[in-house]
Amino acid sequence: MDSTLYLFVAGLAALAVAVYWVRSGKAKVEDVEGALGLFWQAVELVQTYAPAADKLVATGALKREDRLAYVIGMVQSYIHDLDPD
């Protein structure tokens, strides 16, 4: 049950980040393949940062309710430094 919940949260966070990138103009999506590529890029990054957020919660360095904001912030900071060219 826990792994299903983590997968759902990771997918939801990845979708939120992808929508934010498109709406803010950080990512240009011109076709379905571009949208799927952006989504999978966000999924990979969320899969990296979600376990890190859980470990920070376990150590007391992060509040439980701040996990989603932490993951989205980390992914956005990583993509912000990426050269779009």
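Arg 67 is partly exposed, with a relative accessible area of 24%. In this predicted model, Arg 67 forms a salt bridge with Asp 54, and the closest N and O atoms of the pair are 3.1 Å apart. The protein chain has three helices and zero strands.

**Salt bridge**
- The count of salt bridges comes to one, namely the pair Asp 54 and Arg 67.
- Asp 54 counts as partly exposed, at 24% relative accessibility.
- Both values lie between the 20% limit for buried and the 50% limit for exposed, which is why Asp 54 and Arg 67 are classed as partly exposed.

**Fold**
- Along the sequence, the protein chain follows the pattern α-α-α.
- Among contacts in the protein chain with a separation of 6 or more, 54% join residues 24 or more positions apart.

**Nonpolar core**
- The largest nonpolar core has 15 residues, and those with the most contacts inside it are Ala 14, Val 17, Val 46, Val 71 and Val 75.
- Helix α2 gives the most to the core, with seven residues.
- Leaving out residues up to four places away in sequence, Ala 14 touches Phe 39, Ala 42, Val 43 and Val 46.
- In soluble globular proteins, nonpolar side chains tend to be buried together.

**Surface**
- Of the 85 residues of the protein chain, 25% count as buried.
- The protein chain exposes about 6200 Å², and carbon and sulfur atoms supply 61% of this area.
- A nonpolar patch on the surface is formed by Phe 8, Val 9, Leu 12 and Leu 68, which together have about 390 Å² of accessible area.
- Helix α1 provides the largest share of the nonpolar patch, three residues.
- Phe 8, one of the patch residues, lies in helix α1.
- Phe 8 has a relative accessible area of 56% and is therefore exposed, the cut-off being over 50%.

Key:
Residues are numbered from 1 along each chain as its sequence is written. This is a predicted model: local features need pLDDT of at least 70, side-chain atom pairs count only at pLDDT 80 or more; totals for chains, interfaces and linings use all residues. Side-chain values use heavy atoms; hydrogens and water are left out. A nonpolar core is a set of buried Ala, Val, Leu, Ile, Met, Phe, Trp, Tyr and Cys residues joined through side-chain atoms within 4.5 Å. Buried means under 20% relative accessible area, exposed over 50%, partly exposed in between (1.4 Å probe, protein chains only). Helices (H or I, at least four residues) and strands (E, at least two) are DSSP runs, numbered from the N terminus. Contact means heavy atoms within 4.5 Å. Accessible areas come from the Shrake-Rupley method with a 1.4 Å probe; for residues, only the protein chains shown count as cover. Patches are made of residues with over 30% relative accessible area and no salt bridge: like charges are joined within 9 Å, nonpolar side chains (Val, Leu, Ile, Met, Phe, Trp, Tyr) within 5 Å. A salt bridge is a side-chain nitrogen of Lys or Arg within 4 Å of a carboxyl oxygen of Asp or Glu.
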